[in-house]
Amino acid sequence: MAALRASGRRLGTVVGLVGLCLLLSALTPYFLTVSNLLNVLEQTAINAVIAAGMTFVIISGGIDLSVGSLVALAGVVLALCLQAQAPLVVAIAAACAAGAAFGMLNGLAITWGRLPPFIATLGMMSIARGCALLFTGGRPVSGFDVDFRHVATGRFLRVPAPVFITLAVYLLGRFVLAETRFGRYVYAMGGNEEATRLSGVNVRLHKTMVYAVSGLASAIAAVVLTARLNSAQPIAGIMYELDAIAATVIGGTSLMGGEGGLGGTIVGALIMGVLRNGLNLLGVSSFVQQIVIGLVIVFAVVIDTSLKSRRP
Amino acid sequence: MAEASIPLLDVRGVSKRFPGVQALDDVRFELRQGEVHVLLGENGAGKSTLMKILSGACARDAGIVRIDGRACALSSPREAQQAGISTIYQEFNLVSHLTAADNIFLGREARRMPGIVNRRTQRRDARHLLGALGSSIDPDARVADLTVAEQQMVEVAKALSLDAKILIMDEPTSALTESEIEQLFAAIRRLTARGVGVIYISHRLEELSRIGDRATVLRDGRYVATLPLPAPIPDLVRLMANRDIAQHYPPRTRTRGEMILEVRDVARGTRLRGVSFTLHRGEILGVAGLLGAGRTELARVIGGADRAERGQLLLGGRPLAVRAPSDAIHAGIGLVPEDRKRHGFVAACSVAANVALPQLVRLSRAGVVDRARERALATRWIEHLRIKTPGPSTSVSALSGGNQQKVVLAKWLALGAGVLIVDEPTRGIDVAARMEIYQLLDRLAVDGAGILMISSDLPEVLGMSDRILVMHQGRVAAEFDHREATHEGVLHAALGLAS
């Protein structure tokens, strides 16, 4: 029943995406071109990667408001390492470690500090942003090797590198969620935390890991963003958390936890990307775009709610 | 009232179909003024559906419902309420942070002027309503601070304040102690004396004759019979199950083996104040007591859900430190919790995922779950416990209460728990599934497990246990061998009366 409903919901999201694409190709000749579609994928990459981490958090029954600030922080760590002539691999590893570590701090505040995820990550949102500003004195860090910039500008068969990175993140994330013990615990904790604890699962440990995963995803997004801009901005990533939550929710993951998946989230992120791109092509002002995206989020959740209440 | 007069509620030919199942098929039901009419049936017999139709929560496909002779559509909860039908669900509809009076008048506040609640009037009216039920609950008490029985009384008072002519009560005694049940029955009698008709749904056959005037039995969505109460329990069971269940409880063929668990002076908070006992292999040790006697607290401490503040556990003679559920699980202690929905299973996850959850470490290599083994394990236990589910990948939320309980049992049985603590193992479960659970517990004990069975259902404790511990205010008040235990004796001890 539930599985059927979930797959029905996912199908609905895909139909929505396809319908949106058809509509846009009818409205503008510029939409359905290879270069534009690749452009959409590239622009979606950063939100999609962050949303992948967010999906873990939301399935586990939590929320992570700090991802945008963690993107800035990890970007700054990366840039400072590169500036200090650290090898590329080391710099990227340091950025990822910083993201995961700060995410883990979120997790510790939630599990050991017993803070609601909303509060803990709201605090981290400010703390991480402050750290990013502090480390850079509030100024952007710019100018990197061409090697590093390939992370964003490289192409293989015309497909931009960030698309491959996103694909890798989703394949790995899907494997972890669907096939591993940790993934199983993420669903179980979100569905019923106490029953999961009473089944002998170390809920604190696994919950902490969930937030570390989210921090790590933010750090990967930060690497792509920094390479694309050829600059790390301490004020980067503002409002990214809302886009990530939106992609997850449009993708059908329940904010109540326990249900959902990455398959929906990627479609949700694409819907947002296509929508932004299409509205740009149509010359719709960015103010109106915000209104449209807001309506789509609300509409997706209304569909979810009505699907659920129709159950006998 | 004359026999020929119009019944208060007349349900005829009501049918309801859900995708894949005919929940009700041409059902009739009649309720007279001032009558307590019991609705009987196994889970899935259609009681809940009929209740939902009468309360306006779901629409019927066919049939007529007349109240005082007038046909009613009952297409919304509001309409049902206006027709005089109030429903008290098993899970109460109360706002726990508001006071009793606020809850009773929620949505219909007495107003001093628009938007300003007249608390004094509400308080007075609430006291009056509660008093009419023979209850002395403080209208200013926060609902969260009230006992379950008191909360229920608030629900009844709320129904009364709505001028309900028909009150539907779903399993009203499932969480009540013996003395609370008596109070509830007294309140129901006061209602019926005013002419209110009560539709009473319960699985506890023993108590029906004490409160009910008539019983209607449903089976598989169809009307079976209406008979006057009191009626012999075996007759009722036969009508519900359509098969003779000669004996409620499996015969005691178990033999008590060596001691497996010793509990020494375990204490936690004010509810559990020093309990000692021993549990042997091949034994079912029943734990009786009133609500709040510390039975669930005891179960939780042994199962690792809560930490003991004092005392010691010895497993097979060796001290055992239980700091977390995983410690108990490693030691082979399984806890089937009282509130299975909140503590027993993850509703959104599949049967297989739930059964495998405590032993996922065993079922995975390098962190990757071996799904084939997981599925095989679940399939084996689905067959073994005869869990009615379309398959191992069905989510537990889709199963009936009895089958959900079997999933929780399967979790621990699949682990091979040597000590099984079952807290209210048959609460809210239909008769047939109940029998199966009894037989299962018996078989486990025969195979050498030690079973600690906590239950508020005294006949169940008496019928199943080899020994009975009676708890009172956090301590063991008495211990009985099953041969010398009587209903009165156990109740006496549970009430804290010297024997």
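Predicted model: local features only at pLDDT ≥ 70, side-chain atom pairs only at ≥ 80, totals over all residues.
I found 13 residues from domain 1 of chain B and 16 residues from domain 2 of chain B in the contact. On the domain 1 side, helix α8 (residues 233-241) of chain B gives the largest share, 3 residues. Sorting that side by class, I got 3 nonpolar, 5 polar and 5 charged residues.

Then I stepped back to chain B as a whole. I counted 17 helices and 24 strands. Its radius of gyration is 24 Å, close to the 23 Å from the globule rule for 499 residues, so chain B is as compact as a globular protein of that length. Along the principal axes, its C-alpha atoms fill a box of roughly 70 × 50 × 50 Å. I also noted that 50% of the 499 residues count as buried. Of the contacts with a separation of 6 or more, 67% join residues 24 or more positions apart.

Last, I checked a helix pair in chain A. The axes of α7 (residues 161-179) and α8 (residues 181-191) of chain A come within 5 Å and cross at roughly 70°, which makes α7(A) roughly perpendicular to α8(A). From α7(A), I listed V176(A), L177(A), A178(A) and E179(A), which meet F182(A), G183(A) and V186(A) of α8(A). By class, I have 5 nonpolar, 1 polar and 1 charged residues in this contact.

Terms used: Residues numbered from 1 in each chain as written. Chains lettered and ligands numbered in written order. Helix = DSSP H or I, 4+ residues; strand = E, 2+ residues; numbered from the N terminus. Rg over C-alpha atoms; globule rule 2.2 N^0.38 Å. Buried ≥ 20, exposed ≤ 12 C-beta atoms within 10 Å, placed from the backbone. Contact = placed C-beta atoms within 7 Å. Axes fitted to C-alpha atoms, helices over the stretch in contact; angles between N-to-C directions. Parallel < 35°, antiparallel > 145°, perpendicular 65-115°, else oblique. Nonpolar A, V, L, I, M, F, W, Y, C, P; charged D, E, K, R; others polar.
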